[in-house]
Amino acid sequence: MRKHVFLSIVQALESHSSYFQMRFDTTSKRGLSPLQKCTAAMRMLAYGVPADYVDEYVRIGETSAIDCLVNFVRGVNEIFETEYLRRPNVDDIRRLLQMGEV
């Protein structure tokens with residue numbers, strides 16, 4: 001995935017869901033960044049790795065990684081469903097068939 005596409009997904013999720021916004025705990029310690037959360041979810045989806053595997057790469061715990069994945073999928077469905085996750089219409093099918101012929 002190109003960097004600008006990934007960053008636009010992160011930005012869309014951050015503005016759509018409070019889960020993907022940077023938070024601080026009661027001791028003013030920073031929580032996980034939206035970039036960390038989305039990276040963990042994308043790595044699990046792209047590589048099919050278990051949640052505890054992303055700990056080494058993203059520095060995120062297993063339970064948090066699972067939460068990230070659930071919220072990521074839910075958010076992407078809510079944000080991009082009407083534009084990208086719809087059934088193809090006749091024009092879409094025609095365009096895809098023409099691309100396949102080329």
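Tyr84 is exposed, with a relative accessible area of 57% (exposed means over 50%, buried under 20% and partly exposed in between, with a 1.4 Å probe and protein chains only). The model is predicted, so local features need pLDDT of at least 70 and side-chain atom pairs count only at pLDDT 80 or more, while totals for chains, interfaces and linings use all residues. Residues are numbered from 1 along each chain as its sequence is written, and side-chain values use heavy atoms, with hydrogens and water left out.

Rings of Phe, Tyr and Trp (its six-membered ring) pair if their centres lie within 6.5 Å; planes under 30 degrees apart count as stacked, over 60 as edge-to-face and the rest as tilted. This rule gives two aromatic pairs. Phe80 and Tyr84 form a tilted pair, at 6.1 Å centre to centre and 50 degrees between the planes. Both belong to helix H4, and because they are four residues apart there, about one helical turn separates them (helices are DSSP runs of H or I with at least four residues, numbered from the N terminus).

Tyr19 and Phe20 have ring centres 5.2 Å apart and planes at 85 degrees, so this pair is edge-to-face. Tyr19 and Phe20 are both buried. The charged end of Lys37 sits over the ring of Tyr19, 4.2 Å from its centre (the rule asks for NZ of Lys or CZ of Arg within 6 Å of the ring centre and within 35 degrees of the ring normal).

Ile60 is in contact (heavy atoms within 4.5 Å) with Leu32, Ala40, Val54, Asp55, Ala65 and Cys68, leaving aside its neighbours within four places in sequence.

Definitions and conventions. Helices (H or I, at least four residues) and strands (E, at least two) are DSSP runs, numbered from the N terminus.
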